Amino acid sequence: MSTLFARVFRQAWATFEHTGAGDAKFASNLNALRRLVDQLTLADIGLEPSLVATETFQQPTKAPCTYVGVFENDRFAMSVFVLRENYTMPLHDHPQMHGLLRVVSGAVQICSYSEIARRDTVEPRAEGGTLRRHVLVVAEPEKIISSAAGDCAVLTPTERNFHEITAIGGPAAFFDILSPPYNTASQPQYYFYRKVPVPRHLAEMEPLGFGGPDKPSAQEDERPRYVLETIPNPEHYYCDTVHYATPEFMYQQAEEGGGGGGGRGGV
């Protein structure tokens, strides 16, 4: 693990200690964190290149995705995902999260969406109700990020927090930081989705004032609109897990700051 990665961790701690979206200090800390994350490499995190080797994914029992849990407390989670060439991590949400995604090996294509409105219904079942959610979204421009580009993707609680990620040109690995992490008492469950055309009754969900004073109105915004519909966890999406030797100073920081550390098992 490099000095740069230690700086990323400490900046993430400072950034997500308080996460007021309108807080100037939070915005400044988040920008500082992004500048550091932009520089990360696989070696900085202390992971071997063999993790992303094509030969690794040619093993007959190999999952299409590898998950490495780096660190997690009640404020943020850090992890690495490795995707087989041409494999797409299914469309999913990051409810009420801030996140940064940095490709540390290979390249990925990210298709992101931002929510306009949603409609939830509960379908009766013998074991209890099942949530069925429809989310009206706008499509953000597709983005290709590589390990050489020095650029990371950013999501917020209201923008680009629905996405699917595809490894292109070979296997790809990306490092992410999410706040708050999944699997906490304050964090809603995540869902997988499929994209469907916008039916008339869902198009009417769009708020009249959508866009806000500094954004284009619904009539002016020409980005494509879709409805995302919840689906069961896709059978093709499963991960192998690789153990990560979390540096001791991360646990010490967690103990001093009052948070616990551990691994994450989310998306």
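Visitor: Is Phe76 buried or exposed?
Guide: Phe76 is buried, with a relative accessible area of 0%. Buried means under 20%, exposed over 50%, partly exposed in between, using a 1.4 Å probe and protein chains only.

Visitor: What kind of model is this?
Guide: This is a predicted model; local features need pLDDT of at least 70, side-chain atom pairs pLDDT 80 or more, while totals for chains, interfaces and linings use all residues. Residues are numbered from 1 along each chain as its sequence is written, and side-chain values use heavy atoms, without hydrogens and water.

Visitor: Back to rings. How many aromatic pairs are there?
Guide: The count is 16 aromatic pairs. Rings of Phe, Tyr and Trp (its six-membered ring) pair if their centres lie within 6.5 Å; planes under 30 degrees apart are stacked, over 60 edge-to-face, the rest tilted.

Visitor: Which ring does Phe76 form a pair with?
Guide: Trp13. The pair is edge-to-face, 6.1 Å centre to centre, with 85° between the planes.

Visitor: What does that pair tie together?
Guide: Trp13 lies in helix α1 and Phe76 in the loop between β1 (65-72) and β2 (77-83), so the pair ties together parts 63 residues apart in sequence. Helices (H or I, at least four residues) and strands (E, at least two) are DSSP runs, numbered from the N terminus.

Visitor: And Trp13, buried or exposed?
Guide: Trp13 is buried, at 6% relative accessible area.

Visitor: Which residues are in the cluster linked by ring pairs?
Guide: Phe9, Trp13, Phe16, Phe26, Phe71, Phe76 and Phe249.

Visitor: New topic. Where is Ala27?
Guide: Ala27 is in helix α2 (residues 24-37). Ala27 is partly exposed, with a relative accessible area of 36%.
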